[in-house]
Amino acid sequence: MGRKRSLWPKFALGMVALGAVATLAPALGAQDTNFARDPNQPIDQAYTKKIRQDTTEPYFSSPLVDYLPASKTVPTPEAVLGDVAGAPNILPYAEQVYEYMRMLQKASPRVRVYTIGRTEEGREMIAVAVSSEANLAHLEQNRALLAKLADPRTIGLNDQEAEQIASQAVPVYYITGTIHSPETGAPTALMELAYRLAVDNSPHIQEIRDHVITLITPVVEVDGRDRMVDIYKWHLAHPKENVPPLVYWGHYVAHDNNRDAMAATLDLTQNVMKTFIAWKAQVLHDLHESVPYLYDNTAGDGPFNAWVDPILANEWEILGWRNVQDMTKFGMPGVFTHGQFDTWSPGYLMFIGAMHNGISRLYETFGNGGADTVERTLQPPEYSRTWYRQNPPLPKVLWSQRDNNNYEETGLLTSLHFFSVSRRTFLHNFYLKAKRSVEKPKLEGPAAYVLPGNDPRPELQAQLLRVLQLQGVEISRATAAFSVTMPAPNQLVLGSSSFAAPEAARPKTRTVSFPAGSYIIRMDQPYSRIADALLDYQYWSPSDPQKTPYDDTGWTFGALFNVKVDRVTDGKVLDAPMERVSEIQPASNVVGSGLIYAINDTAETSLATLRYRLKNASIEAAEEPFQAEGRKFDRGSFLVRNVDQAALEQALDGLALQAYALASIPSVATHPVTAARVALMHTWLSTQTEGWWREALDEMHIPYSYINTQEVSREADLRAKYDVILFAPVGRFASESAIIDGMPTTWGNPLPWETTKLTPNLGRIDSTPDMRPGLEWSGVEHLDQFVKQGGTLITVMDTANLAVALGLTPGVSVARPQRLKIIGSVLRGVLVDPSSPIAYGYGNEGNELPLYFYQGPIFDLSNIAGRRGFRMLGPEQIGRPTGRGTKDEHDFVVGRPPETYPPQPKVKPWEAAPVTPEEMRNPISVIPPQFRPRVIFRYADASHLLISGLDEGGNEVAEHAAVIDVLVGTGHVVLFSNNPIYRGETRGSYSLVLNTILNFDHLNAGRKTAEK
C-alpha cells in the first residue's frame, strides 16, 4: 500500500485490447453482401410467393430471407401456423412455437430442443440448438473446450493452450425473443430462422451451421405471451372495438422483467442465466420491438457500465457497426446503432452475457403489437437523419409483421455469419475477458469482498450470497479469523453517526479483523465482474452528457440488503484460510427449553414469516430493549408463548433465527403481534410495480388477498375483511386523477379482462368485465372509513401522493420539486423515531438505513390542518432579516428601547413548526397532539445523502421525512417517499412494511406527544 504501481499492467491491458481488435482486421473484409443461394437446392415456391406478398415493400427484405429453400423431409413453419412466418392475423401461442421446434428436431439431425425450466405459472421454457450434425454430435466435447476458455484457471492461464482451443471450439450464440409480451414478432421469426439454419445449403448458411451453435429461446416471457395471444384473438373477434391493454405480462411484473438480471428474482431470468452459463455461451442476443426499423443498441450511448471489460466495449462497436453496414448494403432503410440507450445498468436480460465474459446484444425492431398490417406514421425524431442514422426510416409506411420478421432474421443472419468467420477472435476474446477477470486482484482490484461472519442479519446476508450464487459467483468461507489492511475511512460511514477527522490528522490505513465464518468473494475467479458490479458503489455525475438515464443509476447490493460488505484491496485476503461453500443456509436454533422464548429483532424478514407460521401461538413484541439470561434484545424482539419446543423448531426451519428459552417473563412493556389480514390493492392502469410486492410477499409466505380498486369502490365495509391494505406504487406516471377515474368511460367499449373460451389465459390472476373504471370517489370514502375504523393503509410514492392529495393525512403536504433529479439511486436514510414499531430492528435514533429512491414525493409537515408545511431545502435556509448585529442576534428599531424576544424554536426539515400561542387562542384548526404526523425515517443532509447513483438537486429532499405514520381515527395511514419493496433488490427495507403489518393495531406504541 502506498507504493507507486508499475505502468506496465495498464500498458499491457491496452495492448491486449488493441491486439484483440487488430486481429479482427482480416475478418472485417471476410463477408460481403454478395449472397448466393445454392443453385442445386430447390425453393419452396408457394412459401416464397407468400413471403413476397406479405412484405409491403421490396426494400423491407433482403436476399437472405426473400425466399425459402425447400425440403422433402423438414416441415416449414406453415405446418403449424397454416401460413408463412409473419403472415397477417396469425400469432401463435408458445405451445405452438414449441410444437414446431420439436417437429424440426424430429425431422432434422441438425436441431435439438431442451427444456430449460418453468415459469411462475408452470409453463415450459425451451432452448433450441441448431448446428451441423457433427457439432451436435459432439456437444459435450465442445462444451468441455468452451469450459476451459470460460475458466482459464483450468489451463493455468496458458495463452498458447487457449489459442489452440479457440481454433478448435465451436462458439455458442444464444438468441432470446419476446421477453416483452406486446412485442410479438420474434417467435415466428425464430421459427423460420431455425428452419433456414437447418435446411438452407447456401454457403452463407453453411458457414454459420458448421462453425456456430445457434441456441434459441423463442419465448422468454411465456406466461405473458399466451395472454398477449388471447388479447390478439379478442381483437380479431372484435375488429371495430378498442382492445383491452395487456395489464398482466408475466405472473408478477410486466416491462420490468427485463430489469431483473441483477437480483435474478424471476424464474425466466434464472432459466436464461443458467442456460447461458451452462452452455458457456459467447453471446446473448435479446430481441425487442419498439423502434423503426432495426436499432442495434449493441453499441449504445454512454455512459457504459464501469465494470465491463474494454474488450467487450470494442466488441459492441465492431458487431453493431458491421451489422448496420451489411444491412445497409442490402438496401434496407432504417438500420442504425448507437442511439440514446445508455449501457450503465447491468439489470437487462442481455447483460447476463456482458457480466459473464460474453457479449450482450439487443435489437429493437418495428412491431405492430400483433399481426395486423397497418399504416404507421412516425414522429420527426424517429425519421430524422443524424450522424449515426444516415439512412433513416420513412416518415410513413405500410408495415406488416412479415416486414418485422424480415428485419429480425436478416439482422441475425448477418450477425451469425460475421461471428462465424470471426469466431476464433471472439473465442480468444472470451478467454481473455475471463483471464482478466481471474487476474483482477493484481490488475485493477479489489482482491475480494468480505461479508463478516458476525453480521447481525444472517438471513439477509444469506439472501445476498444466494443472489451471487445464481450469478455463478464462487463463495468461500473463512475457516479461521484473519486480518487485512484497509484504507482508513475518509467519509461518513454507513451505520456511523460520527464524521471523520481532518485529513491531515487521519491515518491512511487501518487493520481490520474478520471472524471465522466470514464469507469471502474472491476476485480471482471468472465471474468476478458481476460480483464487483453488484457490491461496489456507483456514481453518475450530474454533469454527465447523458441527461436521460435509461434506468436506475445506483444499486449497491450490500447497502440495499442492509448487510455489511467490505471491499478489500489487500491481496493478503486471498491467503486467508477458507473453503468453498455450495449452500448458504444459516442455522436456526432453539437454545434451552421453557414456557417462553425470546427471538431478537434485527429487521430480518423471517420474523414476519415466523409469525404466520405460528398462527396459534401467543407472540408479543417488546417495546423497549431488554436483557435476559445474559443476552441483549432489541425493540421489537418476539416473546413467544403457547408453543412447544418441537413446533417452534419446525417453524424456525430455514429462517436463520435463534430462539432463547427464558426462565421468566422479562420486565418490559409489550404488545401482541397479530397475524394481520392483509390485502394488496392494485389498479387496472398498471400492475408493473406492485408485482414486485406480490413476488416478495409470496417469497416470504405472507398470506394476502389480492384486490383491485373497483372492488374497493363497491365494498363499503373493508374493515370487516382486512386489517392492512397495501397500496403499492402504480407506476407508469399515474396521476391522482387517473387512479380515481381510471380510463375514460365516456366513449368506446368496455374492456374485459376475463377467462373465456376465446381468452383462456386472461382473468386468472384477477378479473373484471371492464378495466376502465378506477377507484372512484366511493372507493376513496371506503378507504377513509377503513382507516378511521382501525385499519392501516400503507401508501408508497404515487399512492402516497394520492393519500395526501385526498386529505387522508392531516398535517402532511407534498412539495413540488424544482430541480430534483434522483433516478433510481440509493440514498441514506436516518432513523428519527426508533420507538415506533415500524422501525423495530433498525437500531437507535441516528442509525442509518439505505433507501431506494426514484423521484419520490417531498413531504412537508404542519401541525395545522389544511396548511401546507413550510418548504425547507436543508438546514439554515430560513434566517433573520437584514439588519444590525450578527446572524444570531436580533435587529433593533431606532428610537425605542430594545425588545425582549421570545426564543424561536429551530425547526428541522422533517419536523412541523410548533403551534404558536396565537394559533392556540382559538385552536379549531390545530391538529391534536396525538394525531400529528409521526416521522419514522428521514433522509440525510445533502452532503451525505447519496450512497450510490445520481443525485442532482438532492437538497430538495435532504432531511425531509422518508417514512411517516399518520393516525386517522383509530387507524393509520403510512406514507413512504421511497419504495421499500422493489425488484428483489431492496430487501433491507422490506421490514419497514412487515413491521407495519405485524404491529398494525399498536403503531402508537412509543409515541411521544407534544404538550400542545
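A cavity here is a set of points, on a 1 Å grid over the protein atoms alone, where a 1.4 Å probe fits but cannot get out. Grid points are joined across faces, edges and corners, and a volume is the space filled by probe spheres set on the points.

Before going on, a word on where the numbers come from. The model is predicted, so local features need pLDDT of at least 70 and side-chain atom pairs count only at pLDDT 80 or more, while totals for chains, interfaces and linings use all residues. Residues are numbered from 1 along each chain as its sequence is written, and side-chain values use heavy atoms, with hydrogens and water left out.

The largest cavity has about 80 Å³ of space. Its lining has 15 residues, and the closest to the centre are Asp-601, Leu-607, Phe-638, Asn-995 and Leu-998; to count as lining, a residue needs an atom within 4 Å of a point. Which helix gives the most to that lining? H30 does, with 4 residues. Helix H22 (606–613) and helix H30 (990–998) each supply at least two. Helices are DSSP runs of H or I with at least four residues, strands are runs of E with at least two, and both are numbered from the N terminus.

The second largest cavity holds about 40 Å³. Among the residues lining it are Glu-120, Glu-221, His-251, Tyr-252 and Leu-268.

Now to the packing. The largest nonpolar core has 157 residues, and Met-101, Tyr-407, Leu-468, Ile-475, Ile-521 and Phe-557 touch the most other members. Helix H9 (residues 186–199) brings the largest share of this core, 9 residues. There is also a second, separate core of 85 residues, which includes Val-678, Leu-762, Ile-765 and Val-796. By core I mean a set of buried Ala, Val, Leu, Ile, Met, Phe, Trp, Tyr and Cys residues joined through side-chain atoms within 4.5 Å. Buried is under 20% relative accessible area, exposed is over 50%, and partly exposed is in between, with a 1.4 Å probe and protein chains only.

Let's follow Leu-468. Leaving aside neighbours within four places in sequence, Leu-468 is in contact with Val-473, Ile-475, Ile-521, Ala-531, Leu-534 and Leu-535, contact being heavy atoms within 4.5 Å. Leu-468 is also one of the buried residues of H19, including Leu-460, Leu-464 and Val-467. The buried residues of H19 pack against several elements, among them strand S14 (475–478), strand S17 (519–522) and helix H20 (528–535).

How far apart are the end C-alpha atoms of H19? They are 18 Å apart, which agrees with the 18 Å that 13 residues should span at 1.5 Å a residue; the expected span is 1.5 Å times one less than the number of residues. Just after H19, Gly-472 takes a positive phi of about 85°.

Finally, some backbone details to look at. A cis peptide bond joins Pro-292 and Tyr-293, with omega about -20°, and another cis bond joins Gly-445 and Pro-446, with omega about -5°. Ala-264 has a positive phi of about 50° although it is not a glycine, and Ala-264 counts as buried because its relative accessibility is 2%. Asn-642, not a glycine either, has a positive phi of about 60°. Is Asn-642 buried or exposed? Asn-642 is exposed, with a relative accessible area of 64%.

Conventions. On a 1 Å grid over the protein atoms alone, a cavity is a set of points where a 1.4 Å probe fits but cannot get out, and a pocket is an open set with protein on both sides within 12 Å along at least five of seven lines; lining residues have an atom within 4 Å of a point.
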